[in-house]
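Hi,

Here is the structure I promised to pass on. Have a look at it first, and my notes on the domains, the ligands and the core follow below.

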Amino acid sequence: MSKHETFSFKTLEEIQDKIKNLGLDIRLDNDFSPLFKPRKVGSKIAPNSMATLPMEGCDSNTDGSPSELVYERYKKAAAGGYGLIWWEANAVVEEGKANELQMMLTASNQSKFADLLKEVNKIAEERNGYRPLHILQLTHSGRYSRPEGHISRPLVAYNDPILDKGNEIVVTDEYLDSLIGRYVYSAKLAQEVGFDGVDIKGCHRYLINELLASHTREGKYGGSFENRSRFLIETIKAVKKAVGKDFIVASRFNVFDAHPYPYGFGSDHDDMWKFDPSEPVKLVKLMIENGVELLSNSAGNPYYIYPQVTRPFDKSSYGIPIPDEHPLESIERLFKLTEVVQKAAGDVPVVGNGYSWLRQFIPYVGSANLKAQRCSFVGFGRSSLAYPDGPYDLIHQGYMDPKKCCISCSLCTQIMRDHGTTGCVVRNSKVYMPLYKKFNAEAVKRENRIVKEE
Ligand SMILES: Cc1cc2nc3c(=O)[nH]c(=O)nc-3n(C[C@H](O)[C@H](O)[C@H](O)COP(=O)(O)O)c2cc1C
Ligand code: SF4
């Protein structure tokens with residue numbers, strides 16, 4: 001582990017030297033052609049190998065339908081030239097919403113989603129001459145459910161002494177059995193309104209991620225690997241059966257929780273920082289056998305004290321300690337996890353993540369990873385909020401402008417932690433700086449936070 005540092009690289013040589021000095025396997029390539037290569041996903045084709053990662057804005061209308069801010073986000077992503085847009089977390093049930101303005105597609109608001117998809121495809125066709133594939137992320141927020149106001153209503157797979165606050169409700173097997181139908185319902189609506197596929201989300205300590213690690217749970221959803229993966233696999237099977245072969249069933253799942261046994265998934269039983277690939281690899285194969293045609297790996301718990309595992313950063317949000325590793329080490333971990341998943345997945349494409357901290361060097365690193373088949377898509381998370389036109393600029397001018405890149409300052413995360421509607425505070429400051437200030441002041445007051453002057 002090396003000391004945490006902020007980004008300071010002006011040239012390719014400078015970042016290459018740092019990577020070398022740290023002894024890391026992060027490769028760079030100045031041939032960007034792999035980024036522009038179309039990719040087969042199930043029976044469909046993504047026009048290039050750049051994807052947005054799901055980035056929720058906590059800004060839908062109260063009925064879950066797209067608001068003006070949602071429209072703006074997806075119009076910009078469509079114009080930005082990505083080959084695949086992985087839409088943000090969309091709740092399958094009210095009680096599983098992570099915030100009261102989380103996206104939620106229902107029978108009564110489906111026409112609004114259809115309109116938005118039509119509009120974004122028109123924008124993409126007109127500006128880029130192609131339209132991206134659209135994947136909608138289906139979620140139940142489990143432990144991090146907060147469907148109304150500021151009070152959390154955690155619905156957990158099992159009690160976890162490290163994360164529990166004392167108000168958790170352990171969901172029953174009957175609740176889980178009935179939830180499968182809700183994923184099927186949402187997937188069918190997504191198909192009707194024009195999405196190309198859905199993601200059965202199993203990452204970031206939300207319900208399905210927690211179920212994968214439910215070693216201590218009794219009954220058919222806990223204990224053995226077969227039981228812990230049962231809910232995810234049964235949901236995949238049921239959704240696939242309902243949507244047929246020309247609709248993509250995907251999964252964004254945690255390969256590595258960085259959480260100790262018996263409460264985490266993908267970690268060595270004696271050392272939570274050591275990745276154990278045996279179960280994640282088994283899971284990848286099982287998901288593919290049951291119809292999954294697209295994967296995205298993630299890691300860590302963004303709500304806990306090690307968010308760098310999910311999202312390497314320069315500056316953290318409130319209450320998060322400075323990591324005792326260099327952001328490039330966190331990035332190397334994410335790349336290695338993707339490589340393991342891509343190898344196990346064979347021809348099934350995997351969207352890689354952890355790129356945003358690299359700013360203008362994303363295309364060098366992404367191209368090298370694609371060329372070495374360490375992933376099939378380069379995933380843009382915070383970068384897609386800060387610099388939605390990144391792929392467009394790469395295609396048309398051959399580089400990403402450092403002045404437009406994400407600076408990994410965590411202010412977008414801070415707004416989420418403050419229960420507000422989020423976006424890029426730095427590159428879209430006119431809209432989001434006032435929101436940041438408003439929600440932060442409210443949260444500081446509500447939670448009696450001690451704020452140090454910087
Ligand atoms: C504001 C914000 C919203 C996010 N929303 C989602 C989400 O809805 N679903 C999801 O799977 N991940 C979500 N993530 C995680 C990102 O998709 C991504 O994994 C993470 O930011 C690392 O990628 P990056 O380094 O490119 O940002 C979110 C992250 C942030 C900062
Ligand atoms: S607020 Fe903008 S610059 Fe800061 S981390 Fe979020 S997307 Fe990046």
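A quick word on classes before the notes: Ala, Val, Leu, Ile, Met, Phe, Trp, Tyr, Cys and Pro count as nonpolar, Asp, Glu, Lys and Arg as charged, and the others, Gly among them, as polar. This is a predicted model, so local features need pLDDT of at least 70 and side-chain atom pairs count only at pLDDT 80 or more, while totals for chains, interfaces and linings use all residues. Residues are numbered from 1 along each chain as its sequence is written, and chains are lettered from A and ligands numbered from 1 in the order in which they are written.

Ligand 2 first. Its shell (residues whose C-beta atom, placed from the backbone, lies within 6 Å of the ligand) has 14 residues, with Arg382, Cys406, Cys409, Cys412 and Cys424 the closest. By class that makes ten nonpolar, two polar and two charged. Helix α11 gives the most, three residues (helices are DSSP runs of H or I, at least four residues, and strands are runs of E, at least two, numbered from the N terminus). Ligand 2 lies between domain 1 (12-407) and domain 2 (410-447), because both give residues to its shell; the domain bounds come from an automatic or database domain assignment.

Ligand 1 has 25 residues around it, and the closest are Leu53, Pro54, Glu56, Ser356 and Gly381. They split into ten nonpolar, ten polar and five charged. Here α13 gives the most, with three residues, and each domain supplies at least three residues of the shell.

How do the domains themselves meet? Their centres, taken over C-alpha atoms, are 22 Å apart. The contact (C-beta atoms, placed from the backbone, within 7 Å) takes 18 residues from domain 1 and 15 residues from domain 2. On the domain 1 side, α11 (residues 382-386) has the largest share, three residues.

Last, the core. The largest nonpolar core has 126 residues, and Ala51, Leu84, Ile135, Val198, Ile200, Leu295 and Val341 touch the most other members. Such a core is a set of buried Ala, Val, Leu, Ile, Met, Phe, Trp, Tyr and Cys residues joined through C-beta atoms within 7 Å, where buried means 20 or more other C-beta atoms within 10 Å of a residue's own. Helix α9 (residues 327-345) has the largest share of this core, nine residues.

Cheers

Methods: Contact = placed C-beta atoms within 7 Å. Buried ≥ 20, exposed ≤ 12 C-beta atoms within 10 Å, placed from the backbone.
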